[in-house]
Amino acid sequence: MSSNKDISAPKIIKERGSIHPINHLKDSIMDLLVSFGFEIIDGPEIETEEFNFDMLNIKKTHPARQMHDTFYVENKSNLLRTHTSPVQIRGMLEKRPPLAFISGGKVFRKDDDATHLPMFHQIEGILIDKNISFAHLKDLIYKIVHSLFGEDIELRFRPSYFPFTEPSAEVDILSSEGKWLEILGCGLVNPIVLENCNIDSNSYSGLAFGLGIERIAMLKHGVKDIRDFYKSNLDFLSQFK
Amino acid sequence: MKIAYKHLVKNIIANPSIDEISDRLFQLGHEHEIENDIFNMEFTPNRGDCLSINGLLRDLSVFYNVNTNQEIYNHKLNKLDIDFENLSQDICPQISFLKIEIESIPNKYKDYLNDYFKDLNLNKNNFFTDISNYVSYENGQPTHCYDADKINGKLVFQELDTEQEFETLLEKKINLIGRNNVFLSNDKVINLAGVVGGKETSCSSDTKTVLVECAFFKPEAIIGKSVKYDIQSEASYKFERFVDPECQEKTIRRFIKIVEEHTNIKDMSLITYNYKKNKVTKIPVKTNVINQIIGTNISQDEYLTYLSKLGFVVNDENIEVPSYRSDIETQNDLAEEIARVIGYDNIARNEITIPKGKISNIYDMENKLRFFLLDHGFYEVINSPFVGINTSNSICVDNPLDSNKKYLRSNLTQSLLENLLFNERRQKDSIKLFEISDIYNIKDNKINVSRKLAVIASGRAGHNYKDFSKKISKKYLDALFKESLPNEDFEFKVLSRESLNTKVKNEIISCEVDIANFSTDVLSYSEISKSPESFIEYSPISDLPYSIRDLSFSIKDFKELDTFIEYILEFKHKLLKEIYIFDYFNNEKNAEIKIGFRFIFQSADSTITEAQVNDIISVIIDHIEEIDGITIPGLT
């Protein structure tokens, strides 16, 4: 029999915490886009109508501006940004093209159910240069989607409508169950938006894209109810190490 | 919007299958689902022109020969003598009225009208309203039918501030407030324009004389009204998205034709008011610009042919946009038309070169702090900014989703405290959380932003046998954090449990610090934790209570020690959630080692029972009892 003097104690397992799965995915996508050459910029979550809507060619009559879609604060003097696009506007006003920006963060809309929340996260990117075409946009989107979901993933582009891009598209991926799932919106920057930012739309064109982080996180982690991300339940959070 | 395959395909010469049409619709950007041969369409808000059979056929005409020319009444009509005044011509620049009297109400409908109701599973209403609904389905233009005998006096259209009760034709009573576009008769609202008509003047199954109103309303005047009054209205859905400003008389004539096909008309007359001519949009032909935008190389002939098929009038210099396409104004809009026709998926990729931006470090500090906290067992949370508690400088949300949460939080600690109590209620005995977020408040009458890190902790220092009996305290956290980041002041404090509805007595320690207050020393911290390299498949969590069992073993024969520990820690059962060593004591003097294991049980579908736990524990005990030199003190 060996002596207990020679016995080493069981290894002490130090419990590590975890990054929130939404922030983990956001950081992964931002890192990917930075590796492509995009520069990270940041902007406020409380915005003006001018930056959130007007500069993006979202007309006064657009449904998104209604009180039932947008949170307004302090007697309508400001609003909670409904997308991260105003950050791109601020970026374009500060820097001359060629430019390639990304921004990520919280956005707010008046929704609340199993697939929508009043607060969620987006990443948006914009690239302005000479002779940027829809064919370039497709190349970039393929690279992003293949990096996120693997080279074998099947994707399709569908025409869509966003006031700040023209042409506009939504991109779907084919799930393992054979269903098309929408994962991002994109398009060529509407020349009106470029002109709003004092960029000559005859000399420059651009592309833009935006991803909803929660939607992709639900797909990648198999989470069925978006609200699970925000219950702060340690049984949930401890799975994402 | 629901559109039957059968109704579409009967107007397409090539008779394509439903799957083929579905593929074409997706290519054109018309998202939909198919159920029982019905397309449930979801159109983008710029394509109001597609909200009908004819609208979809016009788009599909780029692929097929289609028929959009349904028969209309072509004869001359008498001028209607009507006392009508339009006081808001900017909102309603075109309007037609048709008065029509029939001999008798038909007993049955022609097949095409019957099929419309049957195929789409719609309820019939009355003869004139049924035709109105069918015509709107066929060409996208809503009409409103008044029982002509119920209208007395002058009819007025006006945008006005009004406060009065209005009963819709669906017998819903609403209180009109603020600015509304209405039709008035004797100063009383009889129709909420573009949304829903009133009960008082609506048609019934006895109506034989109808006044049909067919108008163009500016979308901006209609938007928001159906939501404001909580009315589901197909008419407002169409007017909000723009109807063809040049189709009103044609619609009226189609209406007459259908009436005529069902019964004898005794009398009819029409009047059309065109207050403002619709502006024609012309865009110069620039094929090179279109190719540049899309990244293609199509010829001018091909380009103009596509546009002609879509209803554009083209010549070598200009492209004239049809009146129903209000969404087309620029070269980029035309490029999108061509890209849709070619198919986005058929446009070849062109390798992109991205201008290199500067490598940004705006998140370096908070990322270092994140990983520092991970290393010490803290979990990151993200909380909603909406709270019910306000301080003197809180920002108020004008239109909150929940009136009990109408402020933006002015600190992170309160949210973290709620997270901590939530986890305590779920029997968690070691809770360490943090959040990094912007906080907003009013300062000097301006919106002020600061980026904060907040930390909260309570309960056991950890679950390993060294930390199990240590409780988290201010002293413990101060020492732990100073060890790695000696120059940073986290300003930990003890939160009172006095006002909290909890029986747990553990101290709650928290801090909330401006990220800007940390020194650059933080950037030198070498983290141990890493981000997960792959995405973990999540296992659904149970909200049912745990059951905990502790087993202590005395080991006097050490040769089987490692095997014994491995057996227990690797023991698997679907009800066994977690096992860890919470106690370890090596008594060299007595040549004895004591090890305590904690077993945590939880079921996914029902509260776990004593019997279930005992069954699992007895499997473990039976196995251990076979090993020489290992006993469970107290177990006989």
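Visitor: Among contacts in chain A between residues at least 6 apart in sequence, what share joins residues at least 24 apart?
Guide: Keep in mind that we're looking at a predicted model. Take the chain A contacts whose residues sit at least 6 apart in sequence, then pick out those that join residues at least 24 apart. That share comes to 64%.

Visitor: And what part of chain A counts as buried?
Guide: Let's get our bearings: the C-alpha trace of chain A spans about 85 × 45 × 40 Å along its principal axes. Chain A holds seven helices and ten strands. Of its 241 residues, the part that counts as buried is 50%.

Visitor: Is strand S6 of chain A mostly covered or mostly open?
Guide: S6(A) runs over residues 119-129, which is eleven residues. Nine of those are buried, and that makes the strand mostly covered.

Visitor: Which residue of S6(A) stands opposite Ala100(A)?
Guide: Start with strand S5 (residues 99-108) of chain A, which runs antiparallel to S6(A) and is joined to it by ten bridges. Facing it in S6(A) is Leu127(A).

Visitor: What stands opposite Glu124(A) in S10(A)?
Guide: S6(A) also pairs with strand S10 (residues 205-212) of chain A, in the antiparallel sense and over eight bridges. Look across from Glu124(A) to S10(A) and you'll find Gly210(A).

Visitor: How are helices H1 and H6 of chain A set to each other, roughly parallel or roughly perpendicular?
Guide: The axes of H1(A) (residues 21-36) and H6(A) (residues 213-221) come within 10 Å and cross at roughly 105°. Angles of 65 to 115 degrees fall in one class, so H1(A) and H6(A) are roughly perpendicular.

Visitor: How many nonpolar residues are in the contact of H1(A) with H6(A)?
Guide: H1(A) brings Pro21(A), Ile22(A), Leu25(A) and Lys26(A), while H6(A) brings residues including Ile213(A), Ala217(A) and His221(A). By class, there are three charged residues and one polar residue, and the nonpolar ones number six.

Visitor: Which helix gives the most to the side of chain A that touches chain B?
Guide: The contact takes 87 residues from chain A and 93 residues from chain B. By class, chain A's side has 42 nonpolar, 24 polar and 21 charged residues. With seven residues (the helix itself covers 134-149), the one that gives the most is H4 of chain A.

Visitor: Over in chain B, how far apart are the centres of domain 3 and domain 5?
Guide: Chain B is divided into five stretches, among them domain 3 (282-345) and domain 5 (547-631). Taken over C-alpha atoms, their centres are separated by 75 Å.

Visitor: Which residue in S14(B) is the bridge partner of Leu98(B)?
Guide: Strand S14 (residues 209-216) of chain B is mostly covered, with seven of its eight residues buried. Strand S6 (residues 94-102) of chain B pairs with S14(B) in the antiparallel sense over eight bridges. The partner of Leu98(B) is Val212(B).

Visitor: What about Asp147(B): which residue is its bridge partner in S14(B)?
Guide: Strand S7 (residues 144-147) of chain B pairs with S14(B) too, in the antiparallel sense over four bridges. For Asp147(B), the partner is Val210(B).

Notes
Residues are numbered from 1 along each chain as its sequence is written. Chains are lettered from A and ligands numbered from 1 in the order in which they are written. This is a predicted model: local features need pLDDT of at least 70, side-chain atom pairs count only at pLDDT 80 or more; totals for chains, interfaces and linings use all residues. Helices (H or I, at least four residues) and strands (E, at least two) are DSSP runs, numbered from the N terminus. A residue is buried if 20 or more other C-beta atoms lie within 10 Å of its own, exposed if 12 or fewer, and partly exposed in between; C-beta atoms are placed from the backbone. Two residues are in contact if their C-beta atoms, placed from the backbone, lie within 7 Å. Domain bounds come from an automatic or database domain assignment. Two strands pair if DSSP finds at least two bridges between them. Axes are lines fitted to C-alpha atoms, for helices over the stretch in contact, and angles run from 0 to 180 degrees between N-to-C directions. Angles under 35 degrees count as roughly parallel, over 145 as roughly antiparallel, 65 to 115 as roughly perpendicular and the rest as oblique. Ala, Val, Leu, Ile, Met, Phe, Trp, Tyr, Cys and Pro count as nonpolar, Asp, Glu, Lys and Arg as charged, and the others, Gly among them, as polar.
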